[in-house]
Amino acid sequence: MSDEHPTLPYPEPSAEHPTLVIPGGDEQAAPAPPAKRRARWPWVLLIVVVVLAALVVAAELVARAVLPGVVRGIVIEQLDLPQDQQLQVDAAGILLPQLIGGRLDELHLSTDSVTFGGVTGAADVTATGVPLRGGDLTEAHGTVRIDQQQFTSLITASDLPIDEITFAEPDVTASGSFDVFGMPIPVALTVTPGADAGDVLLTPVKLEVAGLSVNAAEIAERFGGAAAQITEPQRICIADQLPAGLTVTGLQIDGSEAVIDVDVDGAIATDESLQQNGTCD
């Protein structure tokens, strides 16, 4: 090379041109921050809630299993029913708050056969405000179903000549006879049963005498006014055949049964006089 183009020397390293660090080189990376620990209290709270809910459900199931026997015993004792009396018990609503408060909101009692006073039949009663530590019911109502034989016993106090009762929904036919000049005259009176002010009310709809249909005027003309009374509505008091705490509010024929609607005095659970048969004036 000629001296016209001399070779320049390399510059000396200095602080003006610092050495750059290449990422991923041999330099040690900075440590990552520690992971945060998750809070455990929501899970603990959830577990506690689930356990408490399970305990409440278990307690409710136990209460529903035990309550029928307890109520059955109370009813049998207070109403003086036989110890082997069949009785189904069902309480409405959630029981635990009601048991704590000492009063059931609604109680349903049913049986296929029970004797009230002089009447035996199937009963279905709903009571509200039932105290568990003694006391009167708030109110109660229900139905009593009786067969033809029991119904016949109920209405024997009427002036109807009754030898036999047959049901033909919605009516009842009473067959019998009355004497005219010492001679028995067969009669069949068809009536529609009902209730009024606690009494049974029988409203005549058809009358047959010796197999012939007749009306009240013909009965009075042929057999006298006394015989014509059977064509008039019959009011029959049955209070002496039922506990005084029961009031008949309705009566109808349903198939082969007579269905009696009753209101129950709430004090019947504590007042023995209401558990005894009533009286007819």
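Biologist: What is the torsion about the S-S bond of cysteine 237 and cysteine 280, and is the disulfide left-handed or right-handed?

Modeller: This is a predicted model, in which local features need pLDDT of at least 70 and side-chain atom pairs count only at pLDDT 80 or more, while totals for chains, interfaces and linings use all residues. Residues are numbered from 1 along each chain as its sequence is written, and side-chain values use heavy atoms, with hydrogens and water left out. Cysteine 237 and cysteine 280 are joined with an S to S distance of 2.1 Å, a disulfide being a pair of cysteine sulfur atoms within 2.5 Å. The torsion is about -90°, so the disulfide is left-handed.

Biologist: Where in the chain do cysteine 237 and cysteine 280 lie, and how many residues apart are they?

Modeller: Helices (H or I, at least four residues) and strands (E, at least two) are DSSP runs, numbered from the N terminus. Cysteine 237 lies in the loop between strand S10 (234-236) and strand S11 (246-254), and cysteine 280 in the segment after helix H6 (272-275).

Biologist: Is cysteine 280 buried, partly exposed or exposed?

Modeller: Buried means under 20% relative accessible area, exposed over 50%, and partly exposed in between (1.4 Å probe, protein chains only). Cysteine 280 has a relative accessibility of 30%, so the residue counts as partly exposed.

Biologist: Which kind of aromatic pair do phenylalanine 151 and phenylalanine 167 form?

Modeller: Rings of Phe, Tyr and Trp (its six-membered ring) pair if their centres lie within 6.5 Å; planes under 30 degrees apart count as stacked, over 60 as edge-to-face and the rest as tilted. Here the centres are 5.5 Å apart with 75° between the planes, and the pair is edge-to-face.

Biologist: Which backbone nitrogen does the side chain of glutamine 150 reach?

Modeller: Glutamine 150 is found in helix H3 and is buried, with a relative accessible area of 18%. Leaving aside its neighbours within four places in sequence, glutamine 150 is in contact (heavy atoms within 4.5 Å) with Gly118, Val119 and Thr120. At 3.1 Å, its side chain reaches the backbone nitrogen of threonine 120.

Biologist: What percentage of the residues of the chain count as buried?

Modeller: The chain has six helices and twelve strands. Of its 281 residues, the buried share is 34%.

Key: Polar contact = N/O pair within 3.5 Å; in protein donor to acceptor, adjacent residues only side chain to side chain.
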